[in-house]
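Hi,

Here is the structure I promised to pass on. Please have a look at it first, and then read my notes below.

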Amino acid sequence: MWPILGWLACCAWLNGVHAQTGGTFVQAGSTLVSAMMMFLGNQEKVYILDKSEGNAAQINGHPAWGSIWDINTHQATVMEVVTNTFCASGMHLPNGSWATFGGNNAVGIGTSSTSYRGASPAGGYDSVYGDYDGRKAIRILNPCTNADDFSSPQCQWYDNPAVLSMQKNRWYAAAEALADGTVVLIGGFVSGGYVNRNYPNTDPTYEGGGAEPTYEFYPSRGSATLMQFMTTTSGLNSYAHTYLMPSGKMLVQANLSTILWDYTQNIEYPLPDMPNGVARVYPASGAVAMLPLVPANNYTPTVLFCGGSDMPPDYYGNYSWPFYNTWTYPASSDCQRLTPEPADGSSPVYEQDDNLLEGRTMGQFITLPDGTLLLVNGGRNGTAGYANQTLYVPSLDQMPYYQSLASGPVGTPAIYNPNAPKGSRWSNAGLSTSNIARLYHSSAILLPDASVLIAGSNPNIDVTLTSPYPTTYTAEVFYPPYFSSSVRPQVSGIPNTLSYGGNYFNLTLSSSSYTGVTANQAAANTTVVVSRSGFSTHGMNMGQRHLQLNNTYTVNDDGSYVLHVSQVPPNPNLLTPGPVLLFVVVNGIPSNGTMVIVGTGQVETQPTSSASPLPPSVTATALPSSSSSGGKTGGAMGLKAEPTLVSFLCGIAVVVLGAC
């Protein structure tokens with residue numbers, strides 16, 4: 001039986017049939033630690049971070065809270081991390097490395113971040129879990145591949161707060177990359193808690209020492225500085241939503257307030273409040289993303305806010321617990337668009353958009369290469385966070401979902417098309433449903449093959465495998481609808497680096513890159529995009545951006561064609577220096593992504609130059625017919641094989657291997 005199955009699988013591969021079906025989930029192994037945080041290191045590896053807790057996976061005599069997941073094998077390996085990364089923030093660096101910032105106190109068995117508010121255990125270290133205080137930590141990782149020695153220090157986390165640290169303790173701080181590759185770090189808790197306030201809120205700036213209302217930079221630009229916005233938004237300002245704008249100012253949104261912020265002068269320019277009383281930041285945790293930056297909109301950023309909660313402010317309670325049984329409160333389905341710097345110079349206003357298909361808290365947007373936004377994860381009721389009680393439920397044994405403050409997991413994704421007419425932008429048609437709850441502490445990122453890795457979920461103080469929503473280690477890969485195509489674009493000529501302006505470059509697509517249309521039609525419907533999935537945590541992808549490069553084309557008579565592609569627009573505020581995946585998308589079907597570096601690879605003022613003019617597009621007048629050897633059909637990996645070759649290779653698979 002197995003040789004026959006192997007023969008079928010091998011022949012299917014050679015004939016270009018996808019093993020995956022568009023719109024479906026496939027389980028993808030164990031992450032070993034629960035994936036509270038996750039980012040794509042390179043085309044082979046995904047890096048995962050948990051909080052310090054009692055994971056069964058061990059390293060150096062203590063529970064692990066870091067791992068590396070292999071994209072090809074779906075196998076994870078534990079990594080040593082020194083400090084507690086609980087609810088850290090993170091960001092790419094210009095050279096392709098990654099940094100994480102802050103975290104929480106050292107914790108031990110069954111203890112939450114609130115157990116040590118204001119002080120870590122003796123020496124800031126717990127001997128059982130082996131974790132040190134991570135609130136000031138800056139951890140650096142240089143992603144490695146299978147060709148490297150993973151046991152070498154160059155492939156491990158650098159995590160030594162005595163040498164490299166922030167000025168302030170930061171837990172749930174915002175992070176945003178700047179045009180020169182510097183990262184700004186904003187606000188946060190000093191230690192743990194449900195929301196960043198006491199009640200009554202008599203000290204909205206410092207909360208008696210519980211809140212950190214300043215910002216600072218990495219690498220440092222001087223002393224940490226008070227930010228008025230942190231006082232204005234007191235209570236609901238953890239993981240503030242931040243987006244660098246083309247002008248160099250930054251959109252910052254928290255609580256119900258919105259500003260444009262000149263971080264060089266620390267000047268705040270108020271924008272309209274969030275409509276309908278819907279909070280989007282933690283713990284309301286709406287899904288938020290910048291829409292694709294494309295030539296058609298002159299690279300004008302628009303940010304989409306969906307879901308979250310319109311709970312009354314008092315319901316959020318204080319550092320200890322909510323003043324309401326949050327799991328009974330329906331999440332919002334409200335969506336709003338905001339263009340912070342309109343191209344026509346008009347005043348920014350929130351624009352009502354199509355509602356979600358259901359209310360959702362802790363939903364997460366992943367921008368797909370085809371320019372649509374995938375919404376995954378989250379719950380229908382409640383908020384992020386966990387607690388042993390609320391104001392109305394006095395003990396853990398009476399909490400209906402153990403420590404979770406949310407209920408009603410949403411397992412069916414939805415896709416948002418920003419270019420569809422209003423009223424028809426959302427759809428979940430043909431999308432399957434996952435049976436794994438992805439609530440608090442879930443994560444998701446785009447993979448190089450244009451699928452989406454989804455992992456995590458742990459609304460529990462410590463590892464809990466028997467609660468209604470347990471600590472989750474099983475990863476899933478979601479395959480968007482374009483995986484139903486039998487053809488993927490095959491591209492050559494992708495450069496290793498991109499500059500800000502300058503000479504265009506050429507990409508060549510084979511005639512097996514499309515099907516059902518002529519080469520002229522395929523070329524006219526081809527785009528080149530660079531995508532950065534960002535640092536994923538708590539329903540956010542810090543640094544996520546999608547930018548389409550300008551291109552023209554020349555179609556060859558053999559059905560192949562050449563794309564003439566502009567460099568990144570000469571404004572690093574649009575896409576900050578660092579790693580991106582480059583995709584070529586033909587008729588909505590993306591190629592595999594190739595990781596390239598934008599900019600110089602250094603933290604410095606990025607050189608810019610004018611974009612070189614592109615040659616005019618040229619179509620072919622004589623094209624091969626669909627039945628010729630240069631026809632327009634191809635495999636999932638673009639492999640065209642003659643029937644005789646297929647039979648020969650499949651025969652070898654049966655005789656020699658017995659399976660493929």
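Let me start with a charge and a ring: the charged end of K249 sits over the ring of Y269, 5.4 Å from its centre. For this, NZ of Lys or CZ of Arg must be within 6 Å of the ring centre and within 35 degrees of the ring normal. R221 has its charged end over the ring of F217, at 4.9 Å from the centre.

A word on the source: this is a predicted model, where local features need pLDDT of at least 70, side-chain atom pairs count only at pLDDT 80 or more, and totals for chains, interfaces and linings use all residues. Residues are numbered from 1 along each chain as its sequence is written, and side-chain values use heavy atoms, leaving out hydrogens and water.

Next, the rings. The whole structure holds 31 aromatic pairs (Phe, Tyr or six-membered Trp rings with centres within 6.5 Å; planes under 30 degrees apart are stacked, over 60 edge-to-face, the rest tilted). One of them, W171 with Y172, is edge-to-face, at 4.6 Å centre to centre and 90 degrees between the planes. W171 is buried, with a relative accessible area of 1% (buried is under 20%, exposed over 50%, partly exposed in between, with a 1.4 Å probe and protein chains only). Y172 is buried too, at 0%. F305 and Y350 also pair edge-to-face, at 5.9 Å and 65 degrees, and both are buried. Ring pairs also link a cluster that includes F86, W171, Y172 and Y440.

Enjoy exploring!
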